[in-house]
Amino acid sequence: MPIRHRLLAVSVALMWGLNFIAIDASLAHFPPFFLVALRFALIAVPTVLFVPWPKVPVRWLVGYGLGFGTLQFLFLYWGMATGMPAGLASLVLQASAPFTVLLGATFLRERVSGRQLVGIVVAVCGMALVGWQRAENATVVPFLLTLAGAFGWAIGNTCNRLAKPADPLRLTLWMSVVPPLPMLALALAVEGPARIGASLTSFDEPGALAAVAGLAYTVVVGTVLGSGVWTWLMARHPAGVVAPFSMLVPVVGMTAAWVVLRETVSPGELIGGALVVGGVLLGSTRRRAPRVPLPDVRGPGEPATVGPPRSGKVGASRPGAVD
């Protein structure tokens, strides 16, 4: 991967890591369920008007929207609204990677390698350690909600694989059409019209402008720009080369939360976080298959050649030759 593409991958991790700070700012003003509906509605409207249909089966687009868009952010925003620190949320959400591997093995019959299995075990141990530390601080419920959000992300990943889009960015944008209506219905039922209306008419309150700026960042930078650059990179390089850069997201998220929000984590949570990142990284990399040299078909006294195979019976019968 060229250095400029590596820098682009790092920039996406930076955008996505800072996204958790933006979400935290938005949640200080908007109710969490309504904020999810508003976030995706702002993307859905221009998508329906200007973006061509991604040409995938509707059921997988809806499944992707329900898993990645609705369930992930419903539980993530709910967890952060009830006390999950932004930095730690960026870490726990990485549990989507081992969840995706397990769902792929269960429903898609994908083979799980020994390396992936070890990575899953290491990541689960890290999650258990973080959960135990959260339970000691009486904040285990926000942790479990964020973990449920990671599982929703994994469901979305599975549906994304089954959709097999020719243009992944179009699918990502059209996925945003799914969450607004169910999330708005849930927001009206749980948070109520009065609370929703107050969030839309009280922009003179302290923190309101920061909330709007955070929402704009989440929509434009976190979703459209970040996902667009990531999709561009995934289309040009193997997934195993690009995907490990996502491990920088919790590093950026936790560092930004420490600098901006003054959040701190316990030593146990740091150890658990290192196990999660290490497990996900271990499970997402593959060993390169050894190169098998072609058999030597030179005749006695013939010099070695590196060009295309010679025409004739000898070259045609060489294993792997393509006519």
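The following legends describe close-up views of a predicted model.

**Figure 1. Overall architecture of the predicted model.** The protein has 323 residues, of which 45% count as buried. Its secondary structure consists of 15 helices and zero strands. Where residues at least 6 apart in sequence are in contact, 87% of these contacts join residues at least 24 apart. The accessible surface amounts to about 16900 Å², and carbon and sulfur atoms contribute 69% of this area.

Figure 2. A pair of aromatic rings is described by the distance of the centres and the angle of the planes. In this protein the count of aromatic pairs comes to 10. The rings of F68 and F73 form an edge-to-face pair, because their planes stand at 80 degrees, beyond the 60 degrees required for this class; their centres are 6.0 Å apart. Both members belong to a cluster in which ring pairs link F40, Y64, F68, F73, Y77 and W153. F68 has a relative accessible area of 16% and is buried. F73 is likewise buried, with a value of 6%. The ring of F73 also has a charged neighbour: R39 lies over its face, 4.1 Å from the ring centre.

Figure 3. V62 is located in helix 3, which spans residues 58-81. With a relative accessibility of 32%, V62 counts as partly exposed, because this class lies between 20% and 50%.

Figure 4. Side chains of opposite charge can pair when their charged atoms come close. A search of the whole structure finds one salt bridge. R170 is partly exposed, with a relative accessible area of 28%. D167 is also partly exposed, at 30%.

**Figure 5. The loop that carries K164.** K164 is found in the loop between helix 7 (140-163) and helix 8 (168-175). Its backbone has a positive phi of about 50 degrees, although K164 is not a glycine. The residue is exposed, with a relative accessible area of 67%, a value over the 50% limit for that class.

**Figure 6. The loop that carries R262.** Helix 13 (248-260) and helix 14 (267-284) are separated by the loop in which R262 lies. R262 is not a glycine, yet it has a positive phi of about 60 degrees. With a relative accessible area of 66%, R262 counts as exposed.

Figure 7. The C-alpha atoms of E205 and H29 are 8.7 Å apart in space, whereas the two residues are 176 residues apart in sequence. E205 lies in the loop between helix 10 (192-201) and helix 11 (208-234). At 43% relative accessibility, E205 counts as partly exposed.

Note on methods. Residues are numbered from 1 along each chain as its sequence is written. This is a predicted model: local features need pLDDT of at least 70, side-chain atom pairs count only at pLDDT 80 or more; totals for chains, interfaces and linings use all residues. Side-chain values use heavy atoms; hydrogens and water are left out. Helices (H or I, at least four residues) and strands (E, at least two) are DSSP runs, numbered from the N terminus. Buried means under 20% relative accessible area, exposed over 50%, partly exposed in between (1.4 Å probe, protein chains only). Contact means heavy atoms within 4.5 Å. Accessible areas come from the Shrake-Rupley method with a 1.4 Å probe; for residues, only the protein chains shown count as cover. Rings of Phe, Tyr and Trp (its six-membered ring) pair if their centres lie within 6.5 Å; planes under 30 degrees apart count as stacked, over 60 as edge-to-face and the rest as tilted. A charge sits over a ring if NZ of Lys or CZ of Arg is within 6 Å of the ring centre and within 35 degrees of the ring normal. A salt bridge is a side-chain nitrogen of Lys or Arg within 4 Å of a carboxyl oxygen of Asp or Glu.
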